[in-house]
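Trainee: I have this model open and would like to go through it piece by piece. Can we start with a single residue?

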Amino acid sequence: MTPTPFPRLAVLASGRGSNLQALLDAIAASTLDAQVVGVFSDRPDAPALQRVPAALRWARDARACARREDFDAALAGAVAACAPDWIVCAGYMRILGDAFVARFRGRLLNIHPSLLPKYPGLRTHARALAAGEREHGASVHFVTPELDAGAVIAQAVVPVRPDDTPERLAARVLTVEHPLLVATVALATSGRLAECGATVLLDGHPLLHPLRLDSNGRLHPEES
Ligand code: GRF
């Protein structure tokens, strides 16, 4: 019998790529049954690209593209060509156009460094500190055309400490982003997740609250 090939992941990244590395490490450790079939970037100098063999890299400088739609169409074509089951935005800092989202809707995930719906967009750590939050964290959500507004699948929470700076808080959040992303992608690749409008379906049932990451890297229903 031929073994079933592992689900195919396309990863979009603009920067350092530590979340991509967390996925690669989990795959190498056989804790995530998946394969990364392409890494895509809007910045040809993104360190994330160096984390995979050259054959898996695609990059184009979005700033050199005269029209936003041209970049989006080139990206969408390249992503589609690697036939991914799931597309994971892991530190991808460019807004995806409506056509891109429509083409891959339902299998597009993003990790965002805040407890959504709080602090969509940029500078999340500084804004959480300025607001006097006592807890902060990260979310993995389905991508919709509106920025950081899709249905939230899972979250990880960290405390905010009195002496925090945005940098210290970002570093603490990053430590939970990695297991959060791996655990959520594992749910996706095992066929347990679906997007139904503004609702996440887990094993076919609506998820009323995002799942929460525990200290062992496992996801649980949120305690209410
Ligand atoms: C992460 O905090 C991610 O949530 C945010 O950008 C950062 C990227 O980190 N969108 P890395 O490139 O995965 O190391």
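**Working through the model**

Mentor: Start with H205, which sits in strand β10. Strands here are DSSP runs of E with at least two residues, and helices are runs of H or I with at least four, numbered from the N terminus. The model is predicted: local features need pLDDT of at least 70, side-chain atom pairs count only at pLDDT 80 or more, and totals for chains, interfaces and linings use all residues. Residues are numbered from 1 along each chain as its sequence is written, and side-chain values use heavy atoms, with hydrogens and water left out.

Trainee: Is H205 buried or exposed?

Mentor: H205 is exposed, with a relative accessible area of 55%. Buried means under 20%, exposed means over 50%, and partly exposed is in between, using a 1.4 Å probe and protein chains only.

Trainee: How far apart are H205 and V101 in space?

Mentor: They are 24 Å apart, C-alpha to C-alpha, and 104 residues apart in sequence.

Trainee: What about D203, where is that?

Mentor: D203 is in the loop between β9 (199-202) and β10 (205-206). Its phi is positive, about 50°, although D203 is not a glycine. With 41% relative accessibility, D203 is partly exposed.

Trainee: Switching to helices. How do α1 and α5 cross?

Mentor: The axes of α1 (residues 18-28) and α5 (residues 166-189) come within 9 Å and cross at roughly 50°. Axes are lines fitted to C-alpha atoms, for helices over the stretch in contact, and angles run from 0 to 180 degrees between N-to-C directions.

Trainee: What do you call that arrangement of α1 and α5?

Mentor: The two helices are oblique to each other. Under 35 degrees counts as roughly parallel, over 145 as roughly antiparallel, 65 to 115 as roughly perpendicular, and the rest as oblique. The crossing of α1 and α5 is also right-handed: the near helix is turned clockwise from the far one by less than a right angle.

Trainee: Which residues meet there?

Mentor: From α1, S18, N19, A22, L23 and A26 meet L174, E177, H178, L181, V182 and V185 of α5. Contact means heavy atoms within 4.5 Å. The residues of this contact divide into seven nonpolar, three polar and one charged. Ala, Val, Leu, Ile, Met, Phe, Trp, Tyr, Cys and Pro count as nonpolar, Asp, Glu, Lys and Arg as charged, and the others, Gly among them, as polar.

Trainee: Which residues of α1 are buried, and what covers them?

Mentor: The buried ones are S18, N19, L20, A22, L23, L24 and A26. Their cover includes β1 (8-12), β2 (35-41), β4 (86-89), β5 and α5. After α1 comes S30, with a positive phi near 60°.

Trainee: New topic. How many disulfides are there?

Mentor: Zero, in a search of the whole structure. A disulfide is a pair of cysteine sulfur atoms within 2.5 Å.

Trainee: Last one. Where is P117, and what is its peptide bond like?

Mentor: P117 is in the loop between β5 (108-112) and α4 (124-130). The peptide bond from L116 to P117 is cis, with omega near 15°. R123 lies in the loop between β5 and α4, has phi near 55°, and is exposed at 60% relative accessibility.
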